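Work through the two exercises below with the structure in view, and try each task before you read its solution.

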Amino acid sequence: MTVYVVTGPPAAGKSTWIRDHAKPGDITIDYDTLAQALSPSLPNDPAEQPTHIAAVVNAARAAAFDDAVLNTATQCNVYLVHAMPSRQHMNRYRKYGFEIVTIDPGYDECMRRAAAERTPRQQEQVRDWYERRGLMV
């Protein structure tokens, strides 16, 4: 089993990368997908979701990840979408030998996609992702 932590700014193509690489039977853990499964009428932007729903989604995401890593150790690959992991998260992922995959088509492309497909707040998150990494153009 390989655990892939797929990171990158909003609209980078993280879900597309996973769809292109995951095999049938692999596990994908994605906040957005879980949120829609638990409450289908929710807005896609986590910032627009009620805090009680976000808390349940975060707990489900953490539990799913822990269970997938601990209980399916040799059966499949696990893909975790974590757009903006903290330094603490990254240190933990590296400590356990998880493979970090950063999807980054570039600031301009992410902003183009976010403008076409996402909310203004997610465009701010694209800016934030690049600013945090010192990659603003």
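**Exercise 1.** How many residues line the second largest pocket, and which of them lie nearest its centre?

Solution. The model to be inspected here is a predicted one. Begin with the lining of the second largest pocket, which is made up of 14 residues; Ala62, Phe65, Asp66, Arg92 and Tyr93 are those that lie nearest the centre. Next, ask which elements supply the lining: helix H3 (51–71) and helix H4 (87–95) are the elements that each give two or more residues to it, and H3 provides the largest share, namely seven residues.

**Exercise 2.** Determine how helix H5 and helix H6 are arranged against each other, and which residues bring them into contact.

Solution. First take the geometry: H5, spanning residues 107–117, packs against H6, spanning residues 120–132, at an angle of about 165°, and their axes are 9 Å apart. Angles over 145 degrees count as roughly antiparallel, and therefore H5 is roughly antiparallel to H6. The crossing in which H5 passes H6 is right-handed. Now turn to the residues, where Tyr107, Cys110, Met111, Ala114 and Ala115 on the H5 side meet Gln123, Val126, Arg127 and Tyr130 on the H6 side.

Terms used. Residues numbered from 1 in each chain as written. Predicted model: local features only at pLDDT ≥ 70, side-chain atom pairs only at ≥ 80, totals over all residues. Heavy atoms only, no water. 1 Å grid on protein atoms, 1.4 Å probe; cavity = no way out; pocket = protein on both sides within 12 Å on 5 of 7 lines; lining within 4 Å. Helix = DSSP H or I, 4+ residues; strand = E, 2+ residues; numbered from the N terminus. Axes fitted to C-alpha atoms, helices over the stretch in contact; angles between N-to-C directions. Parallel < 35°, antiparallel > 145°, perpendicular 65-115°, else oblique. Left-handed = near helix turned anticlockwise from the far one by under 90°. Contact = heavy atoms within 4.5 Å.
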